[in-house]
Amino acid sequence: MPEQLVFAMEVILNGLMAGVLYALVALGFVLIYKASGIFNYAQGVMALFAAMTLVGIMNGQVPFAHLINATFGTHVHNFGWNVPALLAIILTMGVMVLLAWAVQRFVMRHLVGQEPIILFMATIGLAYFLEGVADLMWGSEIKTLNVGLPQGINLWIDETTFNIFDYGFFIDNLDIVATIIAALLVAALVAFSQYTKQGRAMRAVADDHQAALSVGISLNFIWIMVWSVAGFVALVAGIMWGTKSGVQFSLSLIALKALPVLMLGGFTSIPGAIVGGLIIGVGEKLFEFAIGPLVGGATENWFAYVLALIFLVFRPQGLFGEKIIERV
Amino acid sequence: MKTKLATLALGALMAAGPALADLVIPSLSYRTGPYAAGGIPFADGYADYFTLLNERDGGIGDVPVNLIECETGYNTEKGVECYESTKGEGALIYQPLSTGITYQLIPKVTADDIPLHTMGYGRTSARNGKVFSHVFNYPANYWDGASGAVNYLLDENGGDLNGKKIALVYHNSAYGKEPIRTLEELSKKHGFELSLLPVDHPGQEQKSQWLQIRREKPDYVLMWGWGVMNQVAIQEAANIRFPMENFIGVWWSGAQHDVLPAGDKANGYKAVTFHAVGDDFPVFEDIKTHVVDTGKAAGAGDQIGTVLYNRGLYSAMLAAEAIKDAQAANGTGDITPGMLRDAMEQLNISEERMAALGMPNFGPTFQVSCDNHGGPGLVGVSQWDAGTKTWNLISDFKPTDGEVIGALVEEDSSAYAAENNVEPRCN
């Protein structure tokens, strides 16, 4: 087999894995948009906030320590204990539920019935507010996140492909774990929305707020639930990306990677987020591999958007988005 | 009665207004945003040094330093706003820690007669004082960094890099592209094959670049990164099992927070540097006594001795020493930015001077002149020890390729002079 073809196969596999990571971020956007029609600009910051909270809890860090010390002249920084990863994840999820409640109670409830652009702008404000709170709460330094996920080359794949192609493929163990977790997450989300009372209520709200209200579904409860689930997805994305790069403020920029995925997959489809992520991941990696060296490289960021725009020309609602037909 | 009222009014005016004799130094810092992890320790070191001078010595030449911190978020527009809002306070010098902000400030500081010191960043050809009258980049610039890394590799290979493959992984920005010309020239001179691998901002996803490195198997990888790009690159290098001792970053890719996320796998990673690492210097004892223990530290006091804290401190020290020289030359504590610029142009940092400050061998010795605002460009190499979690200097501060760099500086600064109708000085 030609060498370049073997390399391309490795690139495609890595593109698929990268696509899963993009999809993990995109899922959070889809959940909130599907249930409430809000494009949540704060989704990336939620991933950052969740990851910082997780590390803070694991390390026994005192939240708002800098503020407390500046106000009271104390020198508290750490509780002096470490919390096991699983318990810390559960506690972080509790914090994300609290955050969901606060968003609903103090922001979204007051904006019911407003134009989508108003709600979008509210989430921009929320993003900056949350970033500031995260900074005050946990500090700005880069934190190492280790919840026990494996990292580095998968030796089995390396050896197996070497025996077949005389060239060992590089696949990161973390990417394999991310793929498995993403698959489980999507299965759980689909099962939740199809087979549980709350899931069906969520779909009803997504279809028509007024009709859902008229049959006794609590809009408040559903929105808190949706923001909580989006918080959970943000936590998963934060763990995956934070494990790769350390938990730091640039984590919020992963949202930029989710936008072309959403454009391509549609804003309202969970499978669309996954398929969109895979297409973007493979597309950008293959383009960088084949064309990048000819044009000076660094093509991935802009090519992802070009690819999404090409799809939009033919399917404006995205691959799996709902086609909106407005009759006069 | 009138006299009493006038005295009271004058007293109130003096109390309300800024102390006229204060040495005003703006700190264009970034403690928020994606690059805060690098901006905070630098800003802390910068502030703590001036606090030390105020607390221990009563300022510089008995005149207190008034440090005005302005948050830029590493954003060029905000940086320019900070400059505009602080220059009227009597700002003596700007050290903005951003190449983007530097480029915008060069014409402004020249017009306003305020010196700009861009240590290890900014416009490299500003080393040419004949063209850039108000910009200084001593003791080293980007091109010194590139040449220092290549010189180190020459030493490692018995002076011969012929046929070796070197890849440059760089931030796809004006900053990241700075070393390319120099490395291309050095590639021709020494016969190594150079490949260029740009990484788009912010650099969280670098799989393509590292797969390419894995396929092409370069002997060495150089990195020009900042922010999250550094941590991801070191992690990816570890993932593909690239030998860390063959991976060398510029000084903006060689801090504690760059290597810690990769854990033990980052052991052996190297970075060029133009100042010392660690906290084994008498000045840090003074900082602990006069700044940290008295609760006047800019941060929590836990950054002392880290790479970027030391860099901020070193930057402040160089400004303070130039201020001392300006005060001595003009016989007054209340100096103007113009006086400081003149003093910076004659600054001499000797080993005796650093030792007297409690910073022996903290950086290279150098002498600034009218036509050379960058010093001799001496560069050392540091290496990360993951076991002890420390950076260690593994080489002296050594000369870089003046022949190649000098020609590039001349070419670039001449082009700038022609574009901006700058009349060369220092004749």
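User: What makes two residues count as being in contact here?

Analyst: Two residues are in contact if their C-beta atoms, placed from the backbone, lie within 7 Å. By that rule, 32 residues of chain B are in contact with 33 residues of chain A. On the side of chain B that touches chain A, two or more residues each come from α2 (36–57), β6 (193–199), α8 (207–216) and α9 (228–239) of chain B. α9(B) gives the most, six residues. This is a predicted model: local features need pLDDT of at least 70, side-chain atom pairs count only at pLDDT 80 or more, and totals for chains, interfaces and linings use all residues. Residues are numbered from 1 along each chain as its sequence is written, and chains are lettered from A and ligands numbered from 1 in the order in which they are written.

User: How many helices and strands are there in chain A?

Analyst: Helices (H or I, at least four residues) and strands (E, at least two) are DSSP runs, numbered from the N terminus. Chain A has 14 helices and zero strands.

User: Why does the radius of gyration of chain A agree with a compact globule?

Analyst: The radius is taken over C-alpha atoms, and the globule rule is 2.2 Å times the number of residues to the power 0.38. For 328 residues the rule gives a value near 20 Å; chain A has 21 Å, so the two agree.
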